[in-house]
Amino acid sequence: MCWAVPAKVISIESDLIATVDLGGNTIKKVAVGVDNVRLGDFVMVHAGVIISKLSKEEVIENIKFIAEQIREVSEITGEDPEKTVKEYTDSMYKLLGQLDEKNG
Amino acid sequence: MDLPKEIEILFRENSELAKKLSEEISKLTPKVIEKTGLERIKIMNFCGTHEWTTTHYGIRSLMPEEVELIAGPGCPVCVTPSSDIKNMIKLAMDGYVVYTFGDAYKLPTVSHYKEGIGSLASAKASGADVRIVYSFVDAIEDAKTHGKPSVFFGLGFETTAPSYAVLFKKEVIPKNLMFYSSLKLTAPAAIYAIKIHKMSKRSPVSGVIGPGHVSTIVGSKGWDFFPEEFGIPAVVSGFEPVDILTAVLTILKDLYTGKAKLTDLEYKRVVTRDGNIYAQDAVREIFRTTDTIWRGIGNIPNSGLDLRDPFKEFNAKLQLNIKENPWDYDLPPGCKCNEVTLGTAYPTDCPLFMKACTPSRPWGPCMVSLEGSCAVWARFGSSQRVLNLMKEVRE
Ligand code: SF4
């Protein structure tokens, strides 16, 4: 029951209930547990309630957090922080670029 | 391609990054050990899904020998007391329609309600009306259609509480549907587990991976007490392998620098520092904090939630005069779920694991839910079993 899954909001019945597509042809009615849900939003759904929204900007923030950890660890282990971070960010943004291209 | 798929590619399928992170973990570990004097670095998670990721992807096998990843209390189904299950069985046998999440359907009681009836599943088999639902919304819709007296078995942690609270807040619950709260709060149990490790002869917990989805509600700041009061670094992490590896690396770095004052937030794509204020307000309005019983562990003060007085007409315990007796040890003979839940034993330490207790015939509660540690290890624990064998060979 604790499994939270990403889903797309496909209709909004009221400020209380929305219908989401959990993927794999699973459509569910769920409670709206966040402010301001819009049609087409990607959200996290847990035990029948929307608990948070997902956004591309925050994915970038996530990538940056990992970069910061890699930088700080390189400083401790005596590697070149600029080089290790660049290798990491290059590979992440390359992946993202490929994904964006596929998205058209 | 949509955002969830992109996230999978970046954080789940990104083996290059996973390799890089595990190499960094291996390089940093000896430095941390040298600097801190710790013999072992024990990192505890508080979420069944983190345990799932750790075990499913064999992350333990990527750790240096000195880094131990253990599961703490993170599965609400596993800690639902036997008395609550028995109360729900009684209601079902008395003719109430009982709604439950699928995870709790097979949860065994410690002693049978009646010969042969030791779970909601067996109550249903003997004719009771027990209905598995995906959500509280589904139970409300269904209860409206038949109008019969009904009770919802309200399990869960902070993540599930809003699913009830937002609906109570808007007064959409039909009068024939009552709510039986078995809701629990993660933080008091997490503190309890940390103290047990600190007090016992075992090595203390050196770092924690904060539960990602509970944190969507409470925010990463909900775990600041770990660094502030216990001097233990905490990282709220996501549920992909890259997230967990980053969390471990961050904890090691924090141990090395000794500078962490607040909880680190890795799972930025889903969690914020302050959490979901809308849900927090709803939960605060509808529920009050209570003492509650954790299965196999006993009462933990202020670790539960129950409906506030204005909603007492929906409170099954009050309306149906259900007595809450003092806790009595409530694990079946031989089951070590309490130790597994507190991270003082691995599922494989239980002599019944995969013998008398299997996912298809669970003997204890940690084998029931998909996120129970025993159920996770039963399905995917081979990497840990190999690791244990390797240790034995080394010794
Ligand atoms: S294997 Fe079964 S009996 Fe043993 S601790 Fe786990 S749930 Fe309990």
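This is a predicted model: local features need pLDDT of at least 70, side-chain atom pairs count only at pLDDT 80 or more; totals for chains, interfaces and linings use all residues.
Residues are numbered from 1 along each chain as its sequence is written, chains are lettered from A and ligands numbered from 1 in the order in which they are written, and side-chain values use heavy atoms, with hydrogens and water left out.

Counting contact as heavy atoms within 4.5 Å, 54 residues of chain A and 60 residues of chain B take part. The size of an interface is often given as the accessible area lost when the parts come together. Here the two chains bury about 5,100 Å² between them, with 70% of it on carbon and sulfur atoms; this buried area is the accessible area (1.4 Å probe) lost on putting the two parts together, summed over both.

Six salt bridges run between chain A and chain B, each being a side-chain nitrogen of Lys or Arg within 4 Å of a carboxyl oxygen of Asp or Glu. In one salt bridge, the side chains of Lys29(A) and Glu141(B) meet at 3.3 Å, N to O.

Which element gives the largest share of the side of chain A that touches chain B? That is H1(A), with 14 residues. Helices (H or I, at least four residues) and strands (E, at least two) are DSSP runs, numbered from the N terminus. By class, this side of chain A has 31 nonpolar, eleven polar and twelve charged residues. Here Ala, Val, Leu, Ile, Met, Phe, Trp, Tyr, Cys and Pro count as nonpolar, Asp, Glu, Lys and Arg as charged, and the others, Gly among them, as polar.

Now turn to the cysteines. There are two disulfides over all chains, taking a disulfide as a pair of cysteine sulfur atoms within 2.5 Å. One joins Cys75(B) to Cys78(B), with 2.3 Å from S to S. Its link is right-handed, with 80 degrees about the S-S bond, and both Cys75(B) and Cys78(B) are buried. Buried means under 20% relative accessible area, exposed over 50%, and partly exposed in between (1.4 Å probe, protein chains only).

The other disulfide joins Cys337(B) to Cys366(B), S to S 2.3 Å. This pair links distant parts of the chain, 29 residues apart: Cys337(B) sits in helix H15 (residues 337–342) of chain B, and Cys366(B) in the loop between H15 and helix H16 (373–380). Both Cys337(B) and Cys366(B) are buried.

Finally, have a look at the backbone of two asparagines. Most residues other than glycine have a negative phi. Asn302(B), however, has a positive phi near 50 degrees. Asn302(B) lies in strand S12 (residues 298–307) of chain B and is partly exposed, at 46% relative accessible area. Asn321(B) also has a positive phi, about 55 degrees. Asn321(B) belongs to the loop between helix H14 (316–319) and H15 of chain B, and counts as exposed because its relative accessibility is 55%.
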